[in-house]
Amino acid sequence: MRTAIFLDRDDTLIENRDLPWKEVGTPPGDLCSPAFVRLLPGVRDACEHMANAGFVLIVVTNQGLVARGVGTIDDVEQTNARLHELLTVNGRRLIERIYSCPYHPKGTVPPFNTEHAWRKPSPGMILAAASELDLDLSRSWLIGDAQRDIDAGLASGISPDRCLRVGPDQPLPDLRAASRVILGS
Ligand SMILES: [Mg+2]
């Protein structure tokens with residue numbers, strides 16, 4: 001069994017809150033445009049180091065914007081494809097798979113306008129990845145900037161000390177700092 005690091009996408013790997021939303025053209029927070037996918041500082045190196053250490057890197061991201069009619073599944077896929085592209089080194093993808101949850105209970109677009117086991121803080125995406133990719137959750141880690149990321153990790157059975165919250169107001173400011181905790185452990 002392999003060991004994973006589950007990664008939130010927005011404001012963990014790529015810019016979101018500081019994007020120029022007027023230019024982006026969608027409501028703040030709703031990124032579904034490949035042209036505005038921008039890695040946060042240090043993310044590429046951190047991902048390379050974690051992948052080189054043998055961890056499987058999996059992205060788990062809520063994309064309720066599909067349920068809310070802001071973008072389509074295809075827009076989300078194209079945005080994720082751009083992330084894969086930016087995190088490819090010498091033809092090798094650093095991110096093994098990206099799981100997106102298009103559901104939101106307050107959405108308007110069927111069949112996505114409902115609560116779903118994949119939507120963080122529920123652990124569905126993590127559990128699906130563990131089952132599909134034969135991952136050992138007892139030794140895996142999670143990194144995210146929101147409490148719902150941490151809650152999803154805990155609900156999946158990942159150890160509390162392996163669920164790392166990052167952000168400017170956190171002890172670990174960014175992915176680079178979180179990766180040092182993991183690689184030094
Ligand atoms: Mg986030």
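Of the 185 residues in the chain, 42% count as buried. The model behind this figure is a predicted one. As for the parts list, the chain holds 6 helices and 7 strands. Read from the N terminus, these elements run β-α-α-β-α-β-β-β-α-β-α-β-α. The radius of gyration comes out at 15 Å, close to the 16 Å given by the globule rule for 185 residues, so the chain is as compact as a globular protein of that length. Along its principal axes, the C-alpha trace spans about 45 × 35 × 30 Å. Contacts tell another part of the story: taking those between residues at least 6 apart in sequence, 66% join residues at least 24 apart.

The backbone has a few spots worth a look. As a bit of background, most peptide bonds are trans, and most residues other than glycine have a negative phi. Two peptide bonds here are cis. One joins Pro110 and Pro111, with omega at about 0°. The other runs from Lys120 to Pro121, and its omega is near 20°. Where do these prolines sit? Pro111 is found in the loop that links strand 5 (95-101) to helix 4 (124-133). Pro121 turns up in the loop between strand 5 and helix 4 as well.

Then there is the matter of phi. Asp11 is not a glycine, yet its phi is positive, at about 70°. Asn90 is not a glycine either, and it too has a positive phi, of about 50°. Both of these residues belong to loops: Asp11 has its place between strand 1 (4-7) and helix 1 (21-24), while Asn90 is placed between strand 3 (88-89) and strand 4 (92-93).

Is each of these two residues buried or exposed? Asp11 has 21 C-beta neighbours inside 10 Å, and because the cut-off for burial is 20 or more, Asp11 counts as buried.

Technical notes: Residues numbered from 1 in each chain as written. Predicted model: local features only at pLDDT ≥ 70, side-chain atom pairs only at ≥ 80, totals over all residues. Helix = DSSP H or I, 4+ residues; strand = E, 2+ residues; numbered from the N terminus. Buried ≥ 20, exposed ≤ 12 C-beta atoms within 10 Å, placed from the backbone. Rg over C-alpha atoms; globule rule 2.2 N^0.38 Å. Contact = placed C-beta atoms within 7 Å.
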